[in-house]
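Let's take a friendly walk through this protein, from its overall build to a few individual residues. Please keep the sequence and the 3D view open as you read.

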Amino acid sequence: MHAVDDEIVVLCWNVEHNERDRRDPGNARAGMARVEIMARYGANLVLRQELTGAADDGRGPLWMEANALGLFPSLAPATPESPNPTGVLVCPNTFEIQHEYEHVTNGWHPICNPVIKLKGTSKPLSLASLHLCSYDPDTRFGEARRLLFLAAQGRSALIGGDTNDYPHRPEPVALPDWKLVQDPILYEQRTIWRGSERVSSTEVDRILAGVKPGGHVAYEELGWYASNKLDLPEALKPTASLRRTDQGSLQRIDRMFATPDVARCLISLDVDDSDEVGDVSDHALVAARLSRARLQRALTLAT
């Protein structure tokens, strides 16, 4: 699972409450299973959600995780409404961090948005770890439109996280049959009116990765890209809810998106829904591998 020299490995994972429910204060190793799992991938970039408690003790828990993975951390703030911030971990041997931004207003969880450069290149790459609004589709759509800004004016971007929304194109896994879902709150949170019919919400994916007039896209959704352009159908495996039975069938709500120049660097995308991952979180870990050589060419500005 370790990265090779010509690969950039990007992980995306919502670790439920950052394993805090598992933590034994008397055991220094308790609550570190997530780190042991991620360390096997040799990741260069990690997009994390639900970094609950990561800012405690002068960001001690955040630095513990980052140091164990050999990465440098950025953290968006928790809010009075949610103690579960987003973060990005960056390999300092591979990338230089240029700026660190936080998109706090008009959303649910602030978006962690560092801007980096692959060493030896000249074009910045904007990263974002996102955890879109769980309770209100309209808020999610606004957050998605905010993320379009990162790809505007020819910028390169790689973003990912828990969208709390469904893919807009048909996939092997059917969207929820709401008659079979036991959670009535989830129905209100994950469906929208389309005309006179109530349907599963897929607008986040449509906003970010839908084909626009003229055939252009703002982002490629990397699971769909891997399945349809790299012939890797396993990239469309569901990512949530691994340990729940009240939300109907498992669904692919954790996704990564990249501007087309970055998406063309994709080698593979894997969804790790192993029992070991399921013991840590109800979300699968998503791992993308990019060609370093192709990414270097994509991020080198012509002179």
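The report below starts with the whole chain, then turns to strands, a helix and some loop residues.

## Before you start

This is a predicted model, in which local features need pLDDT of at least 70 and side-chain atom pairs count only at pLDDT 80 or more, while totals for chains, interfaces and linings use all residues. Residues are numbered from 1 along each chain as its sequence is written, and side-chain values use heavy atoms, with hydrogens and water left out.

## The whole chain

The protein has nine helices and 14 strands. Here helices (H or I, at least four residues) and strands (E, at least two) are DSSP runs, numbered from the N terminus. The C-alpha trace spans about 60 × 55 × 35 Å along its principal axes. A compact globule of 303 residues would have a radius of gyration near 19 Å, and the 18 Å of this protein agrees with that. The radius is taken over C-alpha atoms, and the globule rule is 2.2 Å times the number of residues to the power 0.38.

Of the 303 residues, 56% count as buried. Buried means under 20% relative accessible area, exposed means over 50%, and partly exposed lies in between (1.4 Å probe, protein chains only). Among contacts (heavy atoms within 4.5 Å) between residues at least 6 apart in sequence, 70% join residues at least 24 apart. The protein exposes about 13,300 Å², and carbon and sulfur atoms supply 51% of it; the areas come from the Shrake-Rupley method with a 1.4 Å probe, and for residues only the protein chains shown count as cover.

Two strands pair if DSSP finds at least two bridges between them.

The neighbours of β7 pair with it in two senses. Strand β6 (residues 111-118) pairs with β7 in the antiparallel sense over three bridges, and Leu125 is the bridge partner of Ile116. Six residues separate the strands in this hairpin, where Gly120 takes a positive phi near 90°. Strand β8 (residues 156-162) pairs with β7 in the parallel sense over seven bridges. To follow this pairing on screen, find Ser126 with its partner Ala157, and His131 with its partner Asp162.

Seven of the seven residues of strand β14 (residues 285-291) are buried, so β14 is largely enclosed by the rest of the structure. Leu285, Ala287, Arg289 and Ser291 lie on one side, with Val286, Ala288 and Leu290 on the other. Six bridges join β14 to strand β1 (residues 7-14), and the two run antiparallel; Leu11 has Ala287 as its bridge partner. Strand β13 also runs antiparallel to β14, joined by six bridges, with Asp272 opposite Leu285.

Helix α6 (residues 222-229) is largely enclosed too, because six of its eight residues are buried. These are Leu222, Gly223, Trp224, Tyr225, Ala226 and Ser227. Their cover includes β8, β11, β12 (254-258), α7 (260-263) and β13 (266-272).

## Loop residues worth a click

His109 lies in the loop between β5 and β6, and at 7% relative accessibility His109 counts as buried. Not counting residues up to four places away in sequence, His109 touches Ser82, Asn84, Thr86, His131 and Glu143. His109 and Cys133 are 24 residues apart in sequence and 7.0 Å apart in space, C-alpha to C-alpha.

Asn106 is in the loop between β5 and β6, with a positive phi near 60°; at 74% relative accessibility, Asn106 counts as exposed. Asn164, in the loop between β8 and α4 (184-190), has a positive phi of about 55°, but at 5% relative accessibility Asn164 counts as buried. Finally, a cis peptide bond joins Ala240 and Ser241, with omega about 0°. Ser241 sits in the loop between α6 and β12.
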